[in-house]
Every structure is written in structure tokens, then in C-alpha cells.
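Biologist: I have not looked at this one before. Can you take me through it?
Modeller: Here it is.

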Amino acid sequence: MKDNKNVVEQTLAIIKPDGIKNAIKIIEMIYNEGLKIEKYEVRMLDEEILKEHYAHIVDKPFYPKLENYMLSSEVVLMILEGVNAVDKLRNLMGPTDSTKAQKGTIRGEFGTDITYNAIHGSDSKENAEIEINRFFRQKQKRI
Ligand code: CMP
């Protein structure tokens, strides 16, 4: 029988522009959850990579606001590793809408609303692989 529990895996986290000022506290929360940073980079994103990352919502009316927000400062890109990393990070983040996130979650502590929500985390193992490739390896290939 296939058992997906207790599998060491990787996920992608992005501390968004509104989360930067609390990055140390967010990283502390991530470590306390048993996840470790395998690789990280602090950098500005650009329109091209955002349109790719947000391809599923690029036509939504809120997209221009989302893009402006994500371009408003540098972000912290992190490959996180640990047992059930995808689910652990998602639980720690709380729901997309920060106003609905419980205290003790990253969005509950540091997010403001549904747009300004402090952090992104991959929503599945498959997307984690795609997103890690997008933000880390693809860049190396372009050189
Ligand atoms: P995230 O889930 O990391 O990736 C998609 C982002 O789009 C989401 O975080 C929010 O920042 C933003 N978003 C999602 N839904 C809405 C919405 N209804 N209105 C505004 N922003 C949204």
C-alpha cells in the first residue's frame, strides 16, 4: 500500500514584499515546524516570471494589483525541505485570505488581506517541483 506520510520532500516558499520586514520571524516559524532551508535567494522578480507563475490567474481583474505588489520590492525565494514539507508549509501559512487566517499562522500574524498575504507556498508536490525549477534552475539555464 502506498503511504505518503513521513516522506522527506521539497517545496517552494516566497516571502512576499509585505513579508520582508518580518522575514526573520517567518523563517523562525518555518524552522520550528521542522523544515529547513535547502537554498535561498533574495531578489526582485520581473513581469515575465510573474506572468508565468500566475498564468492561471493572469486574466483576473485583480492581476494588475497583484503584479504591482509582487514587483514592489525584493522577495525571499526559498527551497524548503522536510517531512511532508508541502502540507506543513501550507498549514503554517494559513488560508489565502489573511483576514480568515488564525493567529499563529504566518498570514494570521503578518498578512493583511487576500492580496497582501506575506507568503506563497506550493500547493502540491508536483507544483513544488515546477516552481523550484522556475525560480531556481531555469535561471541557471538562461545564462
Ligand atoms: P498565492 O496563493 O500565493 O498566489 C496567488 C495570489 O493571488 C494569492 O497568493 C494572493 O496574493 C492573490 N490573490 C488570490 N485571490 C485573490 C483575489 N480574489 N483578490 C486579490 N488577490 C488575490
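Biologist: Which helices and strands each supply at least two residues of the lining of the largest pocket?
Modeller: They are α2 (47-53), α4 (85-93), β4 (119-121) and α6 (125-142). Helices (H or I, at least four residues) and strands (E, at least two) are DSSP runs numbered from the N terminus. This is a predicted model, where local features need pLDDT of at least 70, side-chain atom pairs count only at pLDDT 80 or more, and totals for linings use all residues. Residues are numbered from 1 along each chain, and side-chain values use heavy atoms, without hydrogens and water.

Biologist: Which of them gives the most?
Modeller: α6, with 4 residues.

Biologist: What takes up the space?
Modeller: The ligand does; the test is that more than half of its atoms lie within 2 Å of the pocket's grid points.

Biologist: Which side chains make polar contacts with the ligand, meaning N or O pairs within 3.5 Å?
Modeller: Lys 16 has an N or O atom 2.9 Å from a ligand oxygen, and for Asn 117 the distance is 3.2 Å. His 120 places a polar side-chain atom 2.9 Å from a ligand oxygen.

Definitions and conventions:
Polar contact = N/O pair within 3.5 Å; in protein donor to acceptor, adjacent residues only side chain to side chain. 1 Å grid on protein atoms, 1.4 Å probe; cavity = no way out; pocket = protein on both sides within 12 Å on 5 of 7 lines; lining within 4 Å.
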